[in-house]
Amino acid sequence: MQKKLIFISGTIGSGKTTLSKKIINTIPNSIMLDGDWCFQQGCDWHFDETTKQMAIKNIIYVLNNFLENPNFETVIFCWTLHRQAMMNQIYNSLNMNNVSFYHFRLLCSDEVLKERITKRFFDRRSELGIEYNEKDIENMLLGSIKKKSLYVEDGSIVLDGDANLEQLSEEIIETISQSDKIKVKTVDRNQKKV
């Protein structure tokens with residue numbers, strides 16, 4: 001059986017997780033990993049080099065387990081992946097025997113990012129009882145906009161993140177179902193790790 005590994009990347013608020021959840025409920029025998037689950041933290045957020053490498057090791061371990069499990073034909077991984085070296089480190093550590101690889105990147109307008117990030121803060125406040133202010137929202141938005149400039153043209157398939165969930169899901173499913181008709185560029189296995 002030829003497995004499929006799908007990376008969905010984009011900034012905070014681009015809709016990666018929501019889209020990934022939609023896809024696993026559409027494609028039979030699929031499973032999903034959100035990179036944030038591999039280092040979920042409380043209010044005191046640490047993303048120094050030690051924590052970053054821990055997260056990457058956790059991601060690699062879980063993705064390899066998913067790829068080795070015969071019950072799953074499609075593995076979906078969503079994370080920011082705004083640095084090519086981080087992307088390469090993960091990809092180069094995976095067992096890609098008999099696996100087709102696709103990388104989709106969601107690109108959103110600043111207006112849509114602001115709308116989604118604001119909604120996220122208010123949802124979390126309601127769900128978790130955590131208070132946020134306008135400055136928190138503004139900082140996350142500025143960080144998300146800044147990360148947009150860090151993405152490089154790496155051969156990923158760029159999707160309009162402003163489109164609705166149904167359209168994006170259909171576009172991904174159509175692309176992977178026609179995999180023999182398109183050329184999907186993969187990352188360089190010889191590039192250095194982060």
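**Surface charge and salt bridges in the predicted model**

In the predicted model, a patch of negative charge on the surface gathers E111, D160, D162, E170, E171 and E174. Helix 6 (residues 165–177) supplies the largest share of this patch, with 3 residues. D162 lies in the loop between strand 5 (157–160) and helix 6, and its relative accessible area of 33% makes D162 partly exposed.

The secondary structure consists of 6 helices and 5 strands, arranged along the sequence in the pattern β-α-β-α-β-α-β-α-α-β-α. Of the 194 residues, 42% are buried. Among contacts between residues at least 6 apart in sequence, 81% join residues at least 24 apart. The accessible surface amounts to about 10,700 Å², and carbon and sulfur atoms account for 49% of this area.

The whole structure contains 3 salt bridges. One of them pairs the side chains of E166 and K22, at 3.1 Å from N to O. Because E166 belongs to helix 6 and K22 to helix 1 (residues 16–24), this pair ties together parts 144 residues apart in sequence. E166 is partly exposed, at 41% relative accessible area, and K22 is partly exposed at 23%.

A salt bridge also joins the side chains of K148 and D110 (2.6 Å, N to O). This pair links distant parts of the chain, with K148 in helix 5 (residues 134–148) and D110 in helix 4 (residues 110–128), 38 residues apart. Within helix 2 (residues 49–68), K52 and E49 are 3 residues apart, about one turn of the helix, and form a salt bridge whose closest N and O atoms are 3.2 Å apart. K52 is buried, with a relative accessible area of 14%, whereas E49 is partly exposed at 41%.

Definitions and conventions
Residues numbered from 1 in each chain as written. Predicted model: local features only at pLDDT ≥ 70, side-chain atom pairs only at ≥ 80, totals over all residues. Heavy atoms only, no water. Patch = residues over 30% accessible without salt bridge, like charges linked within 9 Å, V, L, I, M, F, W, Y side chains within 5 Å. Areas by Shrake-Rupley, 256 points an atom, 1.4 Å probe, with all protein chains shown as cover. Salt bridge = Lys/Arg side-chain N within 4 Å of Asp/Glu carboxyl O. Lys, Arg positive; Asp, Glu negative; His and termini not counted. Charge placed at Lys NZ, Arg CZ, Asp CG, Glu CD. Helix = DSSP H or I, 4+ residues; strand = E, 2+ residues; numbered from the N terminus. Buried < 20%, exposed > 50% of the residue type's maximum accessible area, 1.4 Å probe, protein only. Contact = heavy atoms within 4.5 Å.
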